[in-house]
Amino acid sequence: LMELFYSGRKSTTQRQTVVLLNILADDINAGHGSGYVGAPLVTGVSGKPVSDLQDLASRLRQAAAEDEFVEIAYDMAVGPYSMVLKCSEIAEADARIRQLYQLPALASANLLPVTSAPPSQG
């Protein structure tokens with residue numbers, strides 16, 4: 001991150017640097033490591049650059065709903081790397097991961113899709 005700060009790689013289209021700190025192990029991401037994975041920078045989803053954390057969450061949701069596979073691109077210390085997930089398996093994997101790691105949600109509320117509030121009674 002210090003190199004990014006000093007080299008000025010951030011741009012007007014990249015509002016935040018998104019760093020992957022951990023992978024929560026599951027069958028869907030087997031072979032891509034688990035736990036701390038070296039803090040690679042997330043650079044894109046399905047060939048489109050990621051500008052910030054909100055953009056990453058949005059692109060992942062869109063790909064999971066519309067595509068057969070989603071590719072997540074990283075810039076690691078050793079060079080570029082990508083993870084490909086089968087979209088039809090993501091929802092089931094999300095449920096397993098939430099249960100196994102006892103997570104109340106998969107993301108912070110501001111990164112989750114907006115849903116309609118139930119009608120008020122009164």
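**View 1. Surroundings of Val42 in the predicted model.** Leaving aside residues up to four places away in sequence, Val42 is in contact (heavy atoms within 4.5 Å) with Val18, Leu20, Val50, Leu56, Ile72, Ala73 and Tyr74. The model is predicted, with local features needing pLDDT of at least 70 and side-chain atom pairs pLDDT 80 or more, while totals for chains, interfaces and linings use all residues. Residues are numbered from 1 along each chain as its sequence is written, and side-chain values use heavy atoms, with hydrogens and water left out.

**View 2. The largest nonpolar core.** Val42, Val70 and Leu85 have the most contacts inside this core of 18 residues; such a core is a set of buried Ala, Val, Leu, Ile, Met, Phe, Trp, Tyr and Cys residues joined through side-chain atoms within 4.5 Å, where buried means under 20% relative accessible area, exposed over 50% and partly exposed in between (1.4 Å probe, protein chains only). Two or more residues each come from strand 3 (41–45), helix 2 (53–66), strand 5 (69–76), strand 6 (79–86) and helix 3 (90–100), helices being DSSP runs of H or I with at least four residues and strands runs of E with at least two, numbered from the N terminus. Strand 5 contributes the most, three residues.

**View 3. The loop that holds Leu24.** Leu24 lies in the loop between strand 1 (22–23) and strand 2 (35–36), and Leu24 counts as partly exposed because its relative accessibility is 33%.
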